[in-house]
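Hi everyone, thanks for coming.

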Amino acid sequence: MKIKAHGKYLVQLTKLGIFNCYFVLEEDGLTLIDTMNAGSGLQIIGAARQLGRNITRILLTHAHGDHVGSLDELHAALPQAKVMLLEREARLLAGNKELEPREAQVPLKGGYPIVTTKPTQLLHEGEHVGSLRVLATPGHTPGHASFLDERDQTLIVGDAFQTLGGIAVAGTMRLLFPLPALATWHKLSALESARKLRFQEPSRLATGHGPVLEKPLRAMDGAIVSLAQEVEKEALRTSVSKA
């Protein structure tokens, strides 16, 4: 597993060149964001030991298997660590795939493994966890979350964006790494969330797949335009087919 620091507070862990999770350094220890795929727990714990810090909490961006796959393993080894995610996504974590009436009634995509670990705290938009502000960013999944470190404007976005195979908003196909697009639930919601994330004016963009981007605003703008054009074309095709 590759370990790389970005700025003063963010440490990126990368497995197989594909899967990312992150440590955020806080005064009381490490906040782990996502847990990678199954079987990654011991490597994540080993990385924390290399930093000489304890993992005090686990935040989840969403409930797909490549982000929660090692949650049970980590919880068994670190029972004192708090487990947190958005209230909406917690139902998916427990295996409930029923959509809410207000949500787009389109099928969920991607793998949602049922885990035995129960969250110790359910999060909501605007709350703070240590130095991180919680942002609800639905689209890739209905309850997807992102986290903004208000100390230096580092934005950790799970799969709301990807940077592997080229920067893209969730739902935009990148042939070099198509998995985030194939697993995206609702493109229009993903586009709205991407615009919301861009509005935060982050100094650094950390994604679930791909390299961390410094000064990412121009790249984010381009990715947003690409998906907006794609959504417009799909809407036009739909309206023509109904005519």
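Okay, Met1 sits in the segment before β1 (2–6). When I say helix or strand, I mean DSSP runs, helices being H or I with at least four residues and strands being E with at least two, numbered from the N terminus. Quick housekeeping: this is a predicted model, where local features need pLDDT of at least 70 and side-chain atom pairs count only at pLDDT 80 or more, while totals for chains, interfaces and linings use all residues. Residues are numbered from 1 along each chain as its sequence is written, and side-chain values use heavy atoms, with hydrogens and water left out.

Back to Met1. Leaving aside neighbours within four places in sequence, Met1 is in contact with Leu13, Thr14, Lys15, Met36, Ser40, Gln43 and Ile44; contact here means heavy atoms within 4.5 Å.

**The nonpolar cores**

Now let's go inside. In soluble globular proteins, nonpolar side chains tend to be buried together. To look for that, we use nonpolar cores: sets of buried Ala, Val, Leu, Ile, Met, Phe, Trp, Tyr and Cys residues joined through side-chain atoms within 4.5 Å.

Which residues touch the most other members of the largest core? Those are Phe23, Ile55 and Ile58, out of 28 residues in that core. Several elements each supply at least two residues of this core, including β2 (10–15), β3 (19–26), α1 (41–51) and β5 (55–59). The most comes from α1, which gives 4 residues. There's also a second, separate core of 19 residues, and Leu135, Leu148, Ala160 and Ala228 are among them.

Let's zoom in on Ile58. Setting aside neighbours within four places in sequence, Ile58 is in contact with Leu32, Thr35, Leu71, Leu74, Ala81, Lys82, Val83 and Met84.

**Two polar contacts**

Next up is Thr31, in strand β4. Thr31 counts as buried because its relative accessibility is 0%. Its side chain is joined to that of Arg57 by a polar contact of 2.8 Å. A polar contact is a pair of N or O atoms within 3.5 Å; within protein, one must be able to donate a hydrogen and the other to accept it, and residues adjacent in sequence count only if both atoms are side-chain atoms. Beyond four places in sequence, the contacts of Thr31 include Tyr22, Phe23, Leu59 and Leu132.

Our other example is Ser131, in the loop between β8 (128–129) and β9 (132–136). Ser131 is buried too, because its relative accessibility is 15%. A polar contact of 3.2 Å joins the side chains of Ser131 and Arg151. Not counting residues up to four places away in sequence, Ser131 touches Glu26, Leu148, Asp149, Glu150 and Arg151.

**Two positive phi angles**

Asp34 isn't a glycine, but its phi is positive, near 70 degrees. You'll find Asp34 in the loop between β4 and α1, and Asp34 counts as buried because its relative accessibility is 3%.

Lys215 also has a positive phi without being glycine, near 45 degrees. Lys215 is in the loop between β15 (213–214) and α7 (217–242). Lys215 counts as exposed because its relative accessible area is 78%.

Let's finish with Thr172, in the loop between β13 (168–169) and α5 (179–182). Thr172 counts as buried because its relative accessibility is 4%. Which residues is Thr172 in contact with, leaving aside neighbours within four places in sequence? They are Gln162, Ala181, Leu227 and Glu230. The C-alpha atoms of Thr172 and Leu191 are separated by 9.7 Å, and these two residues are 19 residues apart along the chain.

Key
Buried < 20%, exposed > 50% of the residue type's maximum accessible area, 1.4 Å probe, protein only.
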